[in-house]
Every structure is written in C-alpha cells, then in structure tokens.
Amino acid sequence: MIRKYHAFFALILLLFASNLSFAETVTINIKDFKFQPDNKTINLGDSVKWLNQDSFPHTSTANNNLWDSANLLSGASFTRIFDKAGKFIYHCHIHPGMTGTVIVRTAEQTQIKIGKDIITASPKRLPIKLNLAGKNADQVYLGSYIVNAQGGCADCHTCPSYAAGHDPYKGESKQFNAISYLAGGKAFGPFVSANLTPDSTGKPAGVTLAEFKELMRTGNDPDVPGNTLQVMPWPVYGMMGDRDLEAIYAYLGSIPQATQPLPSACP
Ligand code: HEC
C-alpha cells in the first residue's frame, strides 16, 4: 500500500517537474541569419524549439516537407517532437541559404546516452565512477539504462536507495545513494537482497555471466543449489533478451565495489 502511494506521488512529481524527465526540448536559436547551432543531435522523443531572435521573419522548413513552421516573426517560436530516428535537413523558406540539420538517435543510441547521462551529466543522478577497463562502454551504458531507468534494481538492492537529502519520495531532487549502491542488505521478511557489486575478481555478485543469465531466467540460487530466489523479480527479468542481460552484467561488473550496510543501518 505504501509503495502504491509512492508510485502515485512519483507520477505527480513527474507531471509537474519536467526537469526530472529525460525527454528534453532543445532550443535552436535563429539569429544573425543562422540556425544556432546549425547541427544538433538529440534523443529519440526529444523536441526541438526554433526561436526567432532576429528582427526579420524566418521559417524552419524541412527539405523533405516533413514540417514547416510558416513565417515566424521576431520573438516567435515553433516546436516539433522527433519520434523517428534519422537525419533531418531543413532551411528557411524566406532565406534558402540558411540551413540546419537535426540528427535523431536511434532507440538504442538514446538508451545508451541516457544510461551514460545518469552517471555523468549534471545534475548527477548517480555519482559513481565506472571501471570501463576491458569493457565495451556502450554496452555498459546500455546496462546502466536497464538497471537504473527500467529495472529498478536499486529499489531493493541499495539501502537506503537514495542519498540523504535526495529522496524523490520526499519531494527532494533525485540522487541514488552512491555509497552502498547495489550492495544489497535490504530485508524482505526472511529474504535479504544480495550484494551485486563486483567481487575481488571483478565478477558482479560473485557470479559468472553464464550463472547470471541462468539465475535471471530460472531463479536458481547460485549460492544454494536447489533453492529458488524469492522476492527478486527474476520471472520478469528472465524475459529479457541476451543483449539486455549481457548489458546488465557488463554494467554490474563496472560499478564500484561496496560492502553491505549493517542491518541496523538498513531497517
Ligand atoms: C523487489 C526487490 C528486488 C528487485 C527490484 C531486484 N532484486 Fe535482485 N534480489 C532481491 C532479493 C530479495 C534477492 C535475494 C533472494 C533470495 O536470497 O532468495 C535478490 C537476489 C539477486 C541476485 C542473486 C545474487 C546471488 O548471488 O544470490 C542477483 C544477481 C540479483 N538479485 C540481481 C538483480 C538485478 C540485476 C536487478 C534489477 C534488474 C534486481 N536484482 C532487482 C530483490 C530484488
């Protein structure tokens, strides 16, 4: 019940605080007879707002006629959402020498970018340092996207889930708890979430990739053969394809080692 309220308040927050969302509106200024910047790469689903700051009218008109702002007087703007990947070239209908390009990332490129931004962009949602040595960075950032933006792994595997003063359920700006990030230790009745951070050999949760895929798909406890993992939503996660499970594993192998908080610190 409490969780349900949390989800409800999180939704309200998302609706009213657009800065919590990763879908952006990117502004391209029309100034001095130029589109500024004239070349912009955005995420799939982002919007572009063309804002005319010249004292002359201009337009934003797609070369393939996909959009046309009509005449924008000084101070006027035109906004368009980009829900298809690709390269879009446009010009000003009145001054055809003025041209610009919008490049829209594919769905996968967008996930990789968001997964990276969670850790590196400002404000940092997760201030950790990844160890990318010997890793495919794009695969790791895709894993970050799945773990942090889809899987909700930190909900159960980080205690407390959010940094002090950064708990979104209290209306504070969101930041994951980096100190015991994914170190486990949350109790669900008799079941305690596992430490997912790398062991001394770099294996996340101390398991090999094959063991990881096996436990995510079957729930077989790697530590206690014959035991089925409880609470852990493996019946859901097990439906992911190999690409995604391998990305999660690569990501978990690159996060900092952390020790499980004491049960007293983690009620
Ligand atoms: C609803 C809470 C919850 C969520 C969400 C959750 N887990 Fe778990 N997880 C647990 C619990 C509890 C255990 C221990 C279960 C047991 O011992 O029976 C566990 C165990 C595990 C284990 C087994 C480790 C071992 O060595 O035994 C792995 C790996 C794991 N989780 C990975 C993940 C990943 C990756 C995600 C996100 C994609 C995730 N979990 C999300 C609760 C959760």
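Helix 3 (residues 137-151) and helix 4 (153-157) each supply at least two residues of the shell around the ligand. Helices here are DSSP runs of H or I, at least four residues, numbered from the N terminus. This is a predicted model, in which local features need pLDDT of at least 70, side-chain atom pairs count only at pLDDT 80 or more, and totals for chains, interfaces and linings use all residues. Residues are numbered from 1 along each chain as its sequence is written.

Helix 4 gives the most to the shell, with 4 residues. Of the 26 residues around the ligand, the nearest are Gly151, Cys153, Cys156, Ala194 and Met232; near means a C-beta atom, placed from the backbone, within 6 Å. By class the shell has 17 nonpolar, 6 polar and 3 charged residues. Ala, Val, Leu, Ile, Met, Phe, Trp, Tyr, Cys and Pro count as nonpolar, Asp, Glu, Lys and Arg as charged, and the others, Gly among them, as polar.

Now the packing of helix 3. Its axis and that of helix 7 (residues 242-252) come within 7 Å and cross at roughly 100°, with axes fitted to C-alpha atoms over the stretch in contact and angles running from 0 to 180 degrees between N-to-C directions. That makes helix 3 roughly perpendicular to helix 7 (65 to 115 degrees). This contact has 8 nonpolar, 3 polar and 1 charged residues.

The axes of helix 2 (residues 107-120) and helix 3 also come within 7 Å, crossing at roughly 75°. Helix 2 and helix 3 are therefore roughly perpendicular. Their contact divides into 8 nonpolar, 5 polar and 2 charged residues.

Note on methods
Angles under 35 degrees count as roughly parallel, over 145 as roughly antiparallel, 65 to 115 as roughly perpendicular and the rest as oblique.
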